[in-house]
Amino acid sequence: MDWIYFGNGYFIWNLLGAGIFGFVINPPIALYYMQGLNTTPLHGHTAMFGVYGMLGMGLMLFVLRDMDLKSEWKEKPIRIAFWSLNIGLLLMALLSLLPVGLAQTVASVKHGLWYARSAEFLGPPAMETLRWLRAIGDTVFAVGAVYLAWFIFGLKGGWAIKE
Ligand code: HEM
């Protein structure tokens with residue numbers, strides 16, 4: 001029943017990605033200073049993939065399960081995919097997009113939006129490291145995507161089904 005995780009994961013992202021990260025950037029004063037900073041992809045990824053990506057994968061697995069009720073699935077790859085995709089997304093958000101977005105917000109309030117988006121601000125080594133830290137979450141996320149694809153093809157190829 002691990003596939004049901006996907007149908008539930010989106011509750012969390014609805015709360016965090018759409019709810020919290022969305023409302024943080026939504027008030028007029030926030031939009032005045034924060035429009036188009038890294039807080040925007042922070043909200044965009046966690047709300048869009050977090051909510052509708054998870055929901056879509058949950059529905060896909062639900063339909064696949066219903067198409068062949070007799071065979072028993074080897075569910076381990078789904079579990080690995082679910083946790084990798086979720087942990088990867090969370091790491092992408094917390095290690096990189098959120099800190100860069102908050103640093104940009106401070107810079108925008110102090111000096112202006114132009115400065116927060118400039119190479120002058122984003123270029124120095126500390127900011128470059130923060131931007132590259134995203135690769136950790138992205139990699140964990142990619143592992144999850146590969147596992148899910150491997151599982152789906154395995155339903156047709158036979159390697160995802162118990163003898
Ligand atoms: C599941 C629901 C949601 C999804 C899928 C979603 C998705 C997105 C995406 C993909 C963007 C980026 C658009 C772009 O870069 O052009 C965005 C921007 C934005 N979202 Fe959401 N969102 C959701 C809910 C919310 C909520 C609940 C709020 C606030 C109450 C909100 C407020 C905003 C704001 C203010 C922007 C513009 C940010 C900017 O221009 O810098 N969103 N949203």
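Donors, in what follows, are N, O and S atoms within 2.8 Å of the metal (3.2 Å for Na, K and Ca); water is not among the atoms, so sites may look incomplete. With that in hand, a word about the model itself. It is a predicted one, in which local features need pLDDT of at least 70 and side-chain atom pairs count only at pLDDT 80 or more, while totals for chains, interfaces and linings use all residues. Residues are numbered from 1 along each chain as its sequence is written, and side-chain values use heavy atoms, leaving out hydrogens and water.

The iron atom of the ligand has His43 as its only protein donor, through NE2 at 1.9 Å. Histidine 43 sits in helix H3; helices here are DSSP runs of H or I with at least four residues, strands are runs of E with at least two, and both are numbered from the N terminus. The side chain of histidine 43 also has an N or O atom 2.8 Å from a nitrogen atom of the ligand. That is a polar contact, meaning a pair of N or O atoms within 3.5 Å; within protein, one must be able to donate a hydrogen and the other to accept it, and residues adjacent in sequence count only if both atoms are side-chain atoms.

Now look around the ligand. There are 15 residues around it, and Gly22, Gln35, Gly36, Thr40 and His43 come nearest; a residue is counted here if one of its heavy atoms lies within 4 Å. Glutamine 35 places a polar side-chain atom 3.2 Å from a ligand oxygen, and glycine 36 has a polar backbone atom 2.8 Å from an oxygen atom of the ligand. Helix H1 (4-25) and helix H3 (39-67) each supply at least two residues of this shell, with H3 giving the largest share, seven residues.

Next, follow helix H4 (residues 76-111) to serine 108. Serine 108 counts as buried because its relative accessibility is 3%, where buried means under 20% relative accessible area, exposed over 50% and partly exposed in between (1.4 Å probe, protein chains only). Leaving aside residues up to four places away in sequence, serine 108 touches Tyr33, Leu37, Leu113 and Ala116, a touch being heavy atoms within 4.5 Å.

Tyrosine 32 is exposed, at 61%.
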